[in-house]
Amino acid sequence: MDAIPGGTMQDIVGENSDIRHKEAVEPGGRPPCGTGTRRRTLRPMPPLVYSSPPALTELRSLLPPYEAAELLVDTYFDRVHWFMLMFQQDDFRQNWPHLYKTQTDRTSEDCNDLGFLSTFLMVIAIGAHYAGPYRQGLLARHDVQPETLKQYILKAVKSSLLDIIPVGSLEVVQTCILLGTYYLFHGAPRLAWPVCDCGLRVAQSLNLHRKVDRDHATLSLTPIERNQNETRKRCWWAIYEIETFCSMSYGYPHSIKDADCDVEPLNPSAKLRNAPSPVSFDEPLRCETTLLSYKYYMSKLSVLTKAVLSELYGIGPGLVNNNRASGVSGSSLRAVVMRVASLDANLRNWRAEIPPKLRWETVASTSMSYSSQE
């Protein structure tokens, strides 16, 4: 792999890496050829120590005044976060003020975190899109025009995307999700799909579609590790939902192979100590209904929808001539009817599992409004 530029980033190590490093390392720090054996699977590529000064400079120049940014972050979490649930809100709120440190206070990590900077800008751009008249007035006090700020950010992030993607971090996945989702719901699906696909590729390189540790139960992880694991799962299922939505709505090929994924569903009780995470969608939820329950059922619906796309329409990886081979479009009408009945039963079972708090008819009969302008 060393002969390929960037090949060492694949981090292929021996089964007994301690022995390799203690006994079989050449003076230059590189193990000699032929020592050790490869692992059965590759480790995810670590995030690249990479930054593009022009991209960083351009994106940093778009940061609005701190007070305006604070209001836009509040707007995002008030009006958009419930739908995506991609961030751990407490962590995000704790981290974004670091972008406003003075030059002398910034660390090299603060200055070069192109991934988080782009994610933050997308958050406030989407917050600006959903700022109502009252908040627009508050932003005007800081000389911020929400629509203008949003357009500048979208243009800059789009033009810097090829500088952002090689960073290869979780924040890059989040940036692609936010940018792609915005395009998806605002009339540019042909642009949304490749942007989201970039997020999918980075997510796969980070192994977000795989369990963090195959050898230990989630409960054995430390609280910090559990929190990180839940964030990884949130990003993965957000990507999965967008991929399925694009495939369902526009007929684009579905690029995720379920057989290659073993990541667990989201845990609606993730904030409770010692609350076990669901192992799969096959086991029913037995916990109090939370906002994460909503996302859990949306993720499960995406899995069921993907099955419909694959089994009835042949939209998915490795499904060339699938319809013809399985008889969907050919000989057996009975087979088609039975397959549709099975898929329909799965959807009906999903519908029956939804708790009362999340049923549309329950929400529609309740008068919901903000308690104040703020």
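This is a predicted model: local features need pLDDT of at least 70, side-chain atom pairs count only at pLDDT 80 or more; totals for chains, interfaces and linings use all residues.
**The nonpolar patch.** Begin by selecting W82, F83, F185 and L291, which make a nonpolar surface patch of about 380 Å². Keep L291 selected: this residue belongs to helix α14, which covers residues 291–313. L291 counts as partly exposed, with a relative accessibility of 45%.

The structure holds 11 salt bridges. Side chains of opposite charge can pair when their charged atoms come close. Select D260 and R210, whose closest N and O atoms are 2.6 Å apart in a salt bridge. D260 is in the loop between α13 (223–250) and α14, while R210 is in the loop between α12 (189–205) and α13, so the pair ties together parts that are 50 residues apart in sequence. D260 has a relative accessible area of 34% and is therefore partly exposed.

Next, select E230 and K233, which form a salt bridge with 2.9 Å between the closest N and O atoms. These two residues of helix α13 are 3 residues apart, a separation of about one helical turn. Are they buried or exposed? E230 counts as buried at 7% relative accessibility, and K233 counts as buried at 1%.

Finally, select D344 and R348, whose side chains meet in a salt bridge with an N to O distance of 2.7 Å. Both residues lie in helix α16 (residues 333–353), 4 residues apart, or about one turn of the helix. D344 is partly exposed, its relative accessible area being 33%, whereas R348 counts as exposed at 57% relative accessibility.

Definitions and conventions
Residues are numbered from 1 along each chain as its sequence is written. Side-chain values use heavy atoms; hydrogens and water are left out. Patches are made of residues with over 30% relative accessible area and no salt bridge: like charges are joined within 9 Å, nonpolar side chains (Val, Leu, Ile, Met, Phe, Trp, Tyr) within 5 Å. Accessible areas come from the Shrake-Rupley method with a 1.4 Å probe; for residues, only the protein chains shown count as cover. A salt bridge is a side-chain nitrogen of Lys or Arg within 4 Å of a carboxyl oxygen of Asp or Glu. Buried means under 20% relative accessible area, exposed over 50%, partly exposed in between (1.4 Å probe, protein chains only).
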